[in-house]
Amino acid sequence: MSSKRIGILTSGGDCPGLNAVIRGVVKASSQLGYDCVGFLKGYEGLYDPVRYITLTHKNTSGILNQGGTILGSTNKGRFAATVGVADRVEIDPELLAGVKHTIDQLNIAGLVCIGGDGSLAVAQQFHEYGIPVVGVPKTIDNDLSATAFTFGFDSAVECATNALDRLHTTAASHERIMVIELMGRHAGWIALHAGIAGGGDVILLPEIGWTYENVCHKILDRESHGKRFSLVVVAEGAELPEGGLVGEEKSGAQAKLGGIGQIVATEIERRLHREVRVSVLGHLQRGGAPTTFDRVLATQYGAHAVRLIVQGRLGEMVCYHPPEIESVPIIQAVNKLRTVEHDGSAVQAARALGISFGDCPADESPFAWSEDFDVEVATSDDVEFDAEFTLDIAEAATEEALAEL
Ligand code: F6P
């Protein structure tokens with residue numbers, strides 16, 4: 001056995017793409033002459049009892065497109081470095097000493113910790129203690145600072161979008177209002193992206209305050225245009241208009257969110273006397289095969305994590321700053337959630353399409369083309385481009401579309 005080793009573990013809630021990272025780490029490590037060991041059940045496998053398997057080409061072959069994690073995972077357990085969203089708690093020094101001993105005994109040059117905010121906070125404390133770690137950002141919520149995308153997010157959005165496509169057809173057939181509740185904790189990324197991709201009419205996010213009046217106004221506005229069905233996308237972490245999140249409080253841990261979809265559905269039904277149905281997509285968003293995007297991102301993250309270890313850049317986390325895979329100190333990625341910006345381009349595009357965020361009546365959307373909106377028409381020397389003619393066509397098309405509503 002080679003004397004040089006790289007360790008890997010998967011921690012926290014699972015998501016599609018974990019196995020793709022593991023495979024990426026194993027393949028890249030072996031090219032550089034390192035053996036790999038995978039610790040079982042997240043950080044738990046590092047100490048008392050130490051539990052790991054040797055990872056080889058053979059036992060990581062064919063896992064690229066498999067959901068879940070072949071190493072298993074633990075949410076919190078003995079190695080909690082945060083309480084609630086971000087308050088730091090110190091890991092028991094005895095555990096840290098035990099982990100250091102394991103890493104030294106197994107001659108591990110670097111431990112790849114694949115996890116979300118809480119798990120990377122543990123990695124940061126390991127780093128401060130002198131345990132050689134690098135981080136890989138994982139979560140369907142896409143709420144980690146310092147990276148444009150975590151792997152798992154795209155797969156979750158794909159799953160939610162498929163669900164919206166299905167709801168769309170049945171909503172239209174029965175002229176119903178469909179409410180769908182999506183995951184994402186305190187960030188609305190999944191709801192925002194799936195809402196746009198799946199043709200949602202109302203999207204309720206943790207980041208944008210909303211009222212039932214505005215939600216109902218949008219539904220009625222659609223009805224006045226002949227659309228007797230509507231899709232309402234609700235992020236599980238959206239705050240109720242009267243204040244408060246919906247879910248179960250857990251002492252010393254993050255609240256388990258869920259249930260807002262039913263509350264919103266019941267209230268719409270009460271106010272509009274219309275048939276409303278609710279779907280909660282739940283953990284379907286966390287399961288199954290990763291999308292192509294997530295496979296590529298996870299593979300790049302795995303390969304880059306190995307590069308960081310080989311270059312001695314310990315305490316760093318791989319990240320995606322499109323179009324490049326880069327790295328930042330882990331400390332920059334933890335204890336601060338990346339949430340949806342009110343005036344971000346996706347929110348603006350949604351408003352431009354008439355999607356309501358429930359923050360104003362449908363006819364008072366903050367989106368409006370300014371009078372002196374500067375239209376630049378690109379022309380080429382070869383093609384004569386009749387801008388006026390094109391605008392005439394656009395206007396005629398708009399009139400036709402309006403007449404159809
Ligand atoms: O953080 C990922 C996530 O799936 C959240 O979107 C969701 O609120 C939470 O985990 C669910 O956690 P659990 O699997 O413990 O129910």
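Visitor: Which residues does Val234 touch, not counting residues up to four places away in sequence?

Guide: Heads-up: this is a predicted model, where local features need pLDDT of at least 70 and side-chain atom pairs count only at pLDDT 80 or more, while totals for chains, interfaces and linings use all residues. Numbering starts from 1 along each chain as its sequence is written. Touching means C-beta atoms, placed from the backbone, within 7 Å of each other. On that basis, Val234 touches Val179, Ile180, Glu181, Ala191, Leu204, Ile260, Gly261 and Val264.

Visitor: How many residues does the largest nonpolar core have?

Guide: Such a core is a set of buried Ala, Val, Leu, Ile, Met, Phe, Trp, Tyr and Cys residues joined through C-beta atoms within 7 Å. Val25 and Val234 have the most contacts inside the largest one, and its residue count is 108.

Visitor: Where does this core lie?

Guide: Domain bounds here come from an automatic or database assignment. Both domains give residues to this core, so it lies between domain 1 (5–152 + 290–333) and domain 2 (156–285 + 341–352).

Visitor: Which residue does UniProt list for "active site"?

Guide: UniProt positions use the numbering here, feature names are shortened, and annotations may be inferred rather than shown by experiment. The entry is unreviewed, and the residue it lists is Asp141.

Visitor: Is Asp141 buried or exposed?

Guide: Buried takes 20 or more other C-beta atoms within 10 Å of a residue's own, exposed 12 or fewer, and partly exposed is in between, with C-beta atoms placed from the backbone. Asp141 has 28 such neighbours, so it counts as buried.

Definitions and conventions:
Contact = placed C-beta atoms within 7 Å.
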